[in-house]
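This report describes a protein model in terms of its sheet, its helices and a few single residues. The sequence and structure come first.

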Amino acid sequence: MANPAYVAVDWGTSSFRLWLIGRDGTVLAERRSGEGMTSAAKTGFSAVLASHLTAIEAPENLPVIVCGMAGARQGWVEAGYIDVPAPLASILTGVSVPGESRDIRILPGLAQRDMATPDVMRGEETQLLGALGRASSGAQAVCMPGTHSKWVHVTDSKVTGFSTFMTGELFDVISKHTILSHAVAGAAEQPADAAAFEAAVSAAFARPALASNLLFTARSGQLLHGISAAAAQARLSGTLIGLEIAGALQDAANGTDITLVASGRLQALYEQAFKTLSLAFTAIDADAAVRRGLSAAAEAIWPN
């Protein structure tokens with residue numbers, strides 16, 4: 001194998017991503033699975049990691065840098081939190097995993113301990129570092145969509161605060177376990193309704209206090225006006241995303257730069273939402289960002 005330097009792992013609640021990184025920074029091998037924290041807590045974190053390292057034939061002395069839920073209280077080894085406000089580079093440390101033959105480090109998360117707005121993140125802080133680098137200037141709002149979307153406010157390379165929005169989880173619960181499940185049934189077999197999505201984003205952004213009323217129009221619009229299942233689903237998705245953006249930007253200064261860190265379908269949806277609202281943004285691939293963040297940590301911990 002050509003010059004491997006370390007293994008980088010992003011270990012989420014329900015997903016596992018591993019990359020073998022070469023000394024020149026290239027990706028030599030990659031593994032993905034559904035063996036996130038929830039699964040690994042039952043089967044054993046060490047066993048899960050070992051199986052993937054064996055599959056890529058990683059040398060026995062190769063170190064491993066890990067971010068995400070493996071460092072949670074219910075994870076492999078608790079890695080704690082860095083309190084904000086804090087420099088982006090403050091996460092460039094790691095808790096050692098005891099009892100392993102190779103050097104394995106798990107990165108800390110970030111915590112916002114304000115009594116009125118407590119919040120935590122694990123994994124996204126590494127993605128954030130990779131997206132912005134150690135030295136960024138000016139005020140930025142960074143959007144990282146997902147099951148629990150994170151919006152992080154950064155000023156001159158310092159994280160000043162952040163907010164979690166349960167957008168993805170709410171979409172899943174509402175579309176499967178409420179009256180709206182009838183409205184969206186069969187949406188997957190229909191073309192996406194971009195116009196309905198954009199209208200819902202605009203309505204929720206303009207009138208977030210009416211969120212629960214706007215959500216119900218996915219059902220009433222179908223009963224009274226015959227809108228399609230795809231349109232109903234677009235209303236649900238657009239309303240939740242518009243609501244998220246309205247909340248995330250309510251205290252942001254006018255002209256704050258928005259950085260979208262995402263990939264795949266979520267990237268397309270949020271780009272469409274930002275364009276609908278005439279919000280300028282820069283998009284960065286989420287996988288590339290987390291690899292860069294893990295690489296920065298590996299280089300700081302193992303400089304040679």
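Predicted model: local features only at pLDDT ≥ 70, side-chain atom pairs only at ≥ 80, totals over all residues.

Residues are numbered from 1 along each chain as its sequence is written, and side-chain values use heavy atoms, with hydrogens and water left out.

**The open sheet**

Helices (H or I, at least four residues) and strands (E, at least two) are DSSP runs, numbered from the N terminus. Two strands pair if DSSP finds at least two bridges between them. An open sheet of mixed pairing is formed by six strands, in the order S3-S2-S1-S4-S8-S7. Its edge strands, each pairing on one side only, are S3 (27-33) and S7 (95-96). S2 (residues 16-22) runs antiparallel to S3 and is joined to S3 by six bridges; Ile21 stands opposite Val27 in S3.

Helix H2 (residues 45-55) packs on this sheet and touches S1 (4-11), S2, S3, S4 (64-68) and S8 (104-106). Contact here means heavy atoms within 4.5 Å. The direction of H2 makes about 45° with that of S2. Axes are lines fitted to C-alpha atoms, for helices over the stretch in contact, and angles run from 0 to 180 degrees between N-to-C directions.

**Helix H10**

H10 also lies across S1, S2, S3, S4 and S8, running at about 130° to S4. The 16 residues of H10 (residues 286-301) should span 22 Å at 1.5 Å a residue, and the end C-alpha atoms are 23 Å apart, which agrees. The expected span is 1.5 Å times one less than the number of residues. Of these 16 residues, 12 are buried, where buried means under 20% relative accessible area, exposed over 50% and partly exposed in between (1.4 Å probe, protein chains only). The buried residues include Val290, Gly293, Leu294 and Ile301.

At the start of H10, a side-chain oxygen of Asp285 comes to within 3.2 Å of the backbone nitrogen of Asp287.

The axes of H3 (residues 124-132) and H10 come within 6 Å and cross at roughly 95°. H3 is therefore roughly perpendicular to H10, a term that covers 65 to 115 degrees. In this crossing, residues of H3 including Thr126 and Leu129 meet a set in H10 that includes Ala289 and Gly293.

**Strands S6, S12 and S13**

S13 (residues 158-165) pairs in the antiparallel sense with S6 (residues 86-87) over two bridges, and Pro87 stands opposite Lys158. S12 (residues 149-155) and S13 are also antiparallel, with seven bridges; Gly161 is the bridge partner of His153. Two residues lie between the strands of the S12 and S13 hairpin, where Asp156 takes a positive phi near 50°.

| Residue | Relative accessibility | Class |
|---|---|---|
| Ala195 | 55% | exposed |
| Gln140 | 10% | buried |
| Thr239 | 3% | buried |

Ala195 is in helix H6 (residues 194-206). Ala195 and Ala234, 39 residues apart in sequence, are 8.5 Å apart in space, C-alpha to C-alpha.

Gln140 belongs to S11 (residues 139-144). Leaving aside neighbours within four places in sequence, the contacts of Gln140 include Leu132, His153 and Asp257.

Thr239 lies in H8 (residues 229-249). A polar atom of the Thr239 side chain is 2.7 Å from the backbone oxygen of Arg235. Not counting residues up to four places away in sequence, Thr239 touches Ala200, Val201, Ala204, Ala211, Leu214 and Leu215.

Conventions
Polar contact = N/O pair within 3.5 Å; in protein donor to acceptor, adjacent residues only side chain to side chain. Parallel < 35°, antiparallel > 145°, perpendicular 65-115°, else oblique.
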